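This report covers a sheet, the helices beside it, a chain contact and a nonpolar core. The sequence and structure come first.

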Amino acid sequence: MNSNVPDDDVISGDGIALSGEELAASYPAGRYHGQIRDQFTIPEREPQYVPAVEVLPAELASRLEVDLWSHQAEALSALRAGENVCVSTSTSSGKTYVYGLEIARQYLEDPDVRALLVYPTKALSRDQRGELEELFGHLGVDVSVGVYDGDTDPETKSRIREESNVVITNVAGLNQYLEGHHRWAAFHANCSLVVVDEAHSWTGISGMHAAWILRRARRVAEWYGGDPQYVLTSATIGNPGEHARALTGEPATVIDDDGSPSGRRQLVFWEPPSNDESPADSADLGEGRGRDDRSAGTRPATVEAPELWAHLCASDVSSLLFCGSRKGTELAVDRATDYLETPSLPDRGDVELAAYNAGHGARSRRETETRLADGTLDGVATTSALEVGIDVGRIDGAVLQGHPGSRASFWQRLGRAGRGRREALLAFVPRYSTLDRYVLEHPEYVLEGEPERAVVDLENNPVYLQHVRCATQELPLSREDADRFGGIERLRQAVEYGRRTGDLEGTLAGGVSYAHRDRPQDAVSLYAAGGNAFDVRLAGAESFDHEPIGRARAYRDYHEGATVRYRGEQYQVRELREDGPQPYVELESVDVDYYTQSQRQVSIYDTEIRDSRRVGAFRLNRGYGTVTARYNKYAKRDVSTGETIEAGLETGVSPLEMRTELCWAEVPPALERAVTDAHADYLDEDCEEIPPHLHGYLGGIHAIEHAMIAVTPLELTVDPADLGGLATNRLPDRPDRSGWFIYDGVDGGLGFSRRIYERFEDVTRRARALMVDCGCGRDDGCPACLMDPRCGNDNKPLYSPAATAVIDALLEGEDEPVHEDDEPAHVDGESAHVDDVPDDGDRDDRRPPASVS
Amino acid sequence: MTERGADLLALGCDALEYADEPALCDLLEYADPDLVYVLWEGADVRVASRIRRAFDGPVIAPGGSATCRTETVAGNSVVFADSIELLENRASADVPPDADYVVCEDLAPTTDRVALEVELEGLGTIADYQRESATETVFCTGSFPASYDHVWGRELEEGSVRLPLRGLGPIRRSGAAELARLRLGADGSVTVSSVPADRFGLGALSGVGPTTAERLRNRGYDSRRAVADASVADLRSIRGIGESTASAIQRSARALEQSRVVRRTDDPVSPVGCDPLFVDVETDGLHPTVIPLIGVFDPNRRKYVDFVDSDPSRTDPGTATRAFVDWLAATYDEPVLAAWNGYEFDFLHLERFVARYAPEYREYWTEHVSTVDPYDWAIRRDNAVLPGRTNRLEDVARALGCERAADAEAVDGRTFATRVRRLLEAPDADDPCRSAGKSNRSADEPSRCADETRLECEPRIDWERARRYCEADVRELAAVYDALAEADPPADSDSRSAAGGAGESEDERTDATTQTGLTDFDS
């Protein structure tokens with residue numbers, strides 16, 4: 001549990017056993033090859049206290065025995081003033097206290113008070129119940145807490161509905177329980193607090209479902225007279241207030257001035273050495289070496305990180321190692337153990353290590369947690385399971401085996417080390433992949449810049465329609481609901497849609513209700529738009545704990561013959577069926593030494609512009625378009641080398657057509673000509689179907705499209721697999737122009753391409769840095785910069801000199817507007833200089849030829 | 001009193017794939033249609049020809065060249081057009097201009113979920129047809145389920161035109177598909193009842209699917225009567241039928257063939273010592289926004305009371321609920337209410353409406369009013385097997401011999417609900433939802449009184465008839481309840497198998513066993 005008690009470690013002066021400065025010298029001789037690429041010190045933060053009695057009734061304050069951290073006090077004051085709050089502070093900053101104390105305070109005034117706590121997962125729910133019960137017990141308030149989800153038996157459910165002050169559930173469960181709201185009448189009538197925990201995790205498609213489910217919940221509560229306030233807790237994100245509002249539909253006061261203390265932290269960027277420098281014993285790379293580690297001669301992070309971790313643990317720095325998969329944690333322990341047993345190395349002796357992941361079962365996990373807390377374990381290799389929530393006791397170090405995908409997770413994981421004001425030693429070991437390399441080259445990205453923005457977008461109409469149907473089934477929907485349900489115009493359209501299809505009846509004036517007897521809630525899948533989710537089954541198994549997947553993902557990654565890695569296990573897809581009422585894919589366990597990758601060929605048509613803006617001579621557009629993605633073929637690749645074993649295999653899936661949101665850039669014709677001419681000599685011999693003189697230019701815009709998608713997670717919380725792109729020399733609406741698209745890979749859109757449109761310059765700037773700074777030094781890029789394994793054209797052509805020329809023209813031409821649709825008055829013939837792309841920005845004399853008015 | 005109308009049974013071949021000749025005859029006898037229409041979706045010539053052989057009347061099935069056929073039943077003309085082109089080229093295709101009903105499966109929706117748009121293919125053609133028709137035609141298509149009831153509109157030069165469209169397809173429900181029987185009324189009103197496709201012939205028996213039916217027939221049990229007369233031991237000797245299945249088959253055969261309730265337990269229907277009040281609520285749909293009519297029958301006082309809000313409004317949808325609970329609290333201290341499927345509908349919505357619109361009675365409702373649901377007791381809790389092809393109240397009551405008055409029969413809950421909804425919608429001709437969808441003439445001619453216009457277009461609610469319908473429902477419920485309470489408790493299972501079943505009396509209602517049951521019930 002997070003504790004506000006000042007840390008006695010500091011008082012006792014028992015400092016960390018190994019500091020960042022000592023790390024290199026302490027590393028075993030012959031193993032240190034200058035891996036420390038960078039080292040940063042994050043100074044300690046003094047705690048800010050507020051006497052509990054200032055914000056809590058004396059009765060509670062006296063029992064609490066400790067003072068509050070300032071952000072907790074600030075949040076409680078805001079709640080008292082009737083505001084909603086979004087608490088966005090560091091790991092272990094006592095966010096649970098905020099709502100725990102608020103509930104206790106409300107309970108003293110009214111013992112009938114009810115609160116709804118929504119957690120992302122079932123596992124977290126039970127941990128949190130324990131923590132809350134402990135707090136309430138300590139405070140001497142008789143607040144009852146119940147976990148209500150699929151694992152709760154019917155009798156307990158009924159008791160919880162009737163009696164529990166605090167009901168803990170998850171979003172998918174809430175979607176279902178809203179249907180039976182009459183059984184919750186008393187709960188809804190007295191519901192005064194809704195808590196959304198880990199709010200930052202609700203983004204993309206599941207975020208938009210969560211947002212509608214929370215709106216439906218509020219509507220039902222209001223019907224019975226409830227008027228809940230919201231508490232959202234979130235890791236650090238760039239837009240906590242906006243995100244809270246998007247999720248709940250209500251404004252929230254942002255509490256982000258962290259009053260909890262932290263010790264001095266040293267962060268090391270530890271770059272795996274090249275294989276030439278690697279010790280001979282690491283030749284066995286084995287499992288876990290996917291494409292991320294496929295690089296020209298660099299030691300994989302999956303080998304290097306466990307050794308560094310073992311070294312820390314052996315040096316009395318008890319540490320966590322964060323891995324990407326369950327199996328990865330097991331392998332890491334094996335590798336670390338091997339390392340510790342190597343006779344030639346000094347790091348020997350009694351070092352207790354364990355793996356921790358959700359595959360371990362509750363009892364085994366409890367045991368590991370206990371051993372970690374009481375200090376009998378020196379190190380734990382874990383998945384994201386230990387990123388949040390669970391008490392990890394006194395941990396001095398943390399090692400990241402690869403970048404976790406977002407800055408929030410990066411800090412959340414590292415934040416598990418150095419409890420209270422204790423010092424901590426942290427290390428980031430990058431894999432050979434785009435994001436990891438980018439962060440290695442640009443540490444300021446994690447250290448300074450603005451955190452990613454969480455995207456919850458409500459514009460997706462297929463998802464909206466589903467929730468309108470659910471809402472009408474729960475209670476008649478009327479005009480008064482319009483503000484919460486998309487505004488009157490959109491709601492009218494949705495209602496008319498439903499009336500015409502026969503799903504809805506009535507009008508907004510009188511009340512619209514659902515016309516069928518089935519439960520539209522059943523059709524909602526948090527992971528798909530529009531209810532066409534595929535069940536994932538395991539052959540011969542009663543049940544298989546895998547969330548349903550959307551059609552796009554099924555076609556792409558779960559076609560027949562595809563290998564699937566799930567929670568560290570390997571499966572193959574036996575069957576993909578969608579002719580029945582419930583589409584599904586069936587997997588079987590396999591042990592093969594290859595993985596599969598489908599290749600995507602995309603065409604885009606029927607574009608419809610919703611907004612346009614000029615950037616220099618470029619026109620940027622956003623809107624809707626019809627995207628046809630064909631995943632016709634797939635290849636088998638060797639697990640250890642990544643080499644293609646077999647290509648051109650048939651997936652058997654039909655083309656996937658979706659109407660979705662996209663953004664695209666139109667390249668000014670003069671620039672296109674100039675860059676084409678300047679790079680006409682570049683030839684990619686594998687691209688026979690493309691006219692040779694276009695290889696350079698098309699390779700350029702193709703590279704921009706890849707790189708932009710690769711860096712988008714630096715700006716937005718997005719899984720790059722949810723984005724797609726296309727570079728073309730014939731735009732659908734203007735065949736005389738070339739350009740590149742980025743689209744949302746879900747029917748109806750996700751709002752990502754719209755945000756990219758808004759931040760187009762920032763994203764292209766990062767894309768440029770990615771290609772220019774990559775250590776590969778190759779014009780056609782490498783897997784860590786320009787290459788995308790899904791590329792339907794097999795990453796050909798890609799040509800970064802042309803790409804940077806186009807990007808520079810985009811970024812530098814901002815002040816030079818061009819008349820709409822005008823061709824440039826003339827083309828500057830002196831465009832040849834763009835083929836010489838400098839590494840640094842000597843940009844002034846590289847004015848692109850199209851910047852002409 | 002209106003004319004009876006034409007009964008059309010819409011059949012899907014896929015649902016009847018396993019139906020044999022006797023089952024088809026049974027189905028047709030039960031549904032008793034004037035016309036049989038075979039849906040295009042999943043059409044199968046073999047099934048269609050079986051239907052033709054089994055039905056002594058017009059069967060309209062797809063196949064051959066596109067033609068147009070007209071059937072006239074009880075003064076209603078129904079045109080079946082195999083393609084929309086036939087309607088377009090009316091003159092050459094010999095399509096009558098003023099049909100009451102036009103069935104055409106080319107009328108199908110195209111939807112765009114991203115743009116939130118739905119269009120109807122063929123809309124222009126039927127608008128032309130409607131414009132030239134002297135009376136209002138109702139259009140029907142199998143592209144929608146039979147529950148579909150939407151009035152499309154189309155702007156023409158001379159004003160907008162109303163295009164009522166009904167579905168004929170199977171109704172979506174868990175389990176087997178429900179076939180639709182539509183009563184096509186002379187005034188354009190359509191009443192839909194549905195029939196589960198698998199509840200005919202031997203298939204009507206619980207636990208009997210196509211395989212078991214085949215095995216029963218092979219052993220000489222070719223009718224339900226024969227099964228009802230068989231002993232459990234005989235049935236058990238058939239491969240694949242175990243003890244409990246044999247009993248279940250026999251019980252359901254007896255319930256159906258002897259038109260009586262067959263009890264499986266001797267648990268009482270309602271809590272000991274109570275006389276329930278029978279209740280039915282009429283609403284504007286499955287997910288009601290208003291409860292305008294509540295009927296209550298007290299058998300002890302032999303008194304029927306109803307609470308009607310004949311001017312239901314969206315501002316106060318709880319008027320009837322308030323009057324009802326007000327009366328209830330004044331009259332009964334600890335009432336027990338009984339409603340058919342009340343746990344899933346009536347009680348659920350009454351409770352919600354009391355909570356919202358009569359909050360002063362919320363405590364009375366939760367603390368003092370208890371409820372029973374005879375349907376739940378019999379079916380979900382497995383206490384009894386009911387006669388009737390379905391377990392819907394009207395089916396059970398009909399099987400038990402309750403006849404309802406003809407004018408009460410002409411209304412049903414769903415029709416009532418639709419009319420209430422349209423009544424609520426009517427003053428909102430300015431609502432764009434409405435003008436787009438219904439294209440009521442008043443939308444284009446604001447000077448006309450919306451209400452007047454509505455009268456021209458929509459059948460008005462006949463509140464007296466609705467009340468009679470509600471009363472008939474409640475009285476049927478009381479009768480079914482009595483039949484449940486009075487049915488014989490099951491004999492000891494041993495003695496039953498020993499008795500062999502065949503000689504059991506159908507008329508054991510008055511013997512001592514029943515008395516014991518009632519004593520248990522009373523104590």
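Two residues are in contact if their C-beta atoms, placed from the backbone, lie within 7 Å. The structure is a predicted model. In that sense A:Val806 touches A:Val667, A:Leu671, A:Val675, A:Gly700, A:Ile701 and A:Ile704, with residues up to four places away in sequence left out of the count.

A:Val806 also belongs to the largest nonpolar core, which has 374 residues; A:Leu247, A:Ala707, A:Val806 and B:Ala10 touch the most other members. Helix H20 (residues 463-486) of chain B supplies the largest share of this core, 11 residues. In soluble globular proteins, nonpolar side chains tend to be buried together.

**The sheet in chain B**

In chain B, 5 strands make up an open sheet with mixed pairing, in the order E17-E16-E15-E18-E19. Strand E17 (303-308) and strand E19 (370-372) of chain B are at the edges; each has a single partner strand, so one side of each has no neighbour in the sheet. From one strand to the next, the twist averages 25 degrees. Strand E18 (residues 336-338) of chain B runs parallel to E19(B) and is joined to E19(B) by 3 bridges. Opposite B:Val336 stands B:Ser370 in E19(B).

**Helices across the sheet**

| Helix | Strands crossed | Angle |

From H10(B), B:Thr321, B:Arg322 and B:Val325 meet B:Leu350, B:Phe353, B:Val354 and B:Tyr357 of H11(B). The residues in this contact of H10(B) with H11(B) are 5 nonpolar, 1 polar and 1 charged.

Which elements of chain B give two or more residues to the side that touches chain A? Across the contact, 34 residues of chain B meet 38 residues of chain A. The elements in question are strand E7 (108-112), strand E9 (138-145), H11, helix H16 (413-425) and helix H17 (432-438) of chain B. By class, the side of chain B that touches chain A has 14 nonpolar, 8 polar and 12 charged residues.

Conventions. Residues numbered from 1 in each chain as written. Chains lettered and ligands numbered in written order. Predicted model: local features only at pLDDT ≥ 70, side-chain atom pairs only at ≥ 80, totals over all residues. Pairing = 2+ DSSP bridges. Helix = DSSP H or I, 4+ residues; strand = E, 2+ residues; numbered from the N terminus. Axes fitted to C-alpha atoms, helices over the stretch in contact; angles between N-to-C directions. Nonpolar A, V, L, I, M, F, W, Y, C, P; charged D, E, K, R; others polar. Core = buried A, V, L, I, M, F, W, Y, C linked by C-beta atoms within 7 Å. Buried ≥ 20, exposed ≤ 12 C-beta atoms within 10 Å, placed from the backbone.
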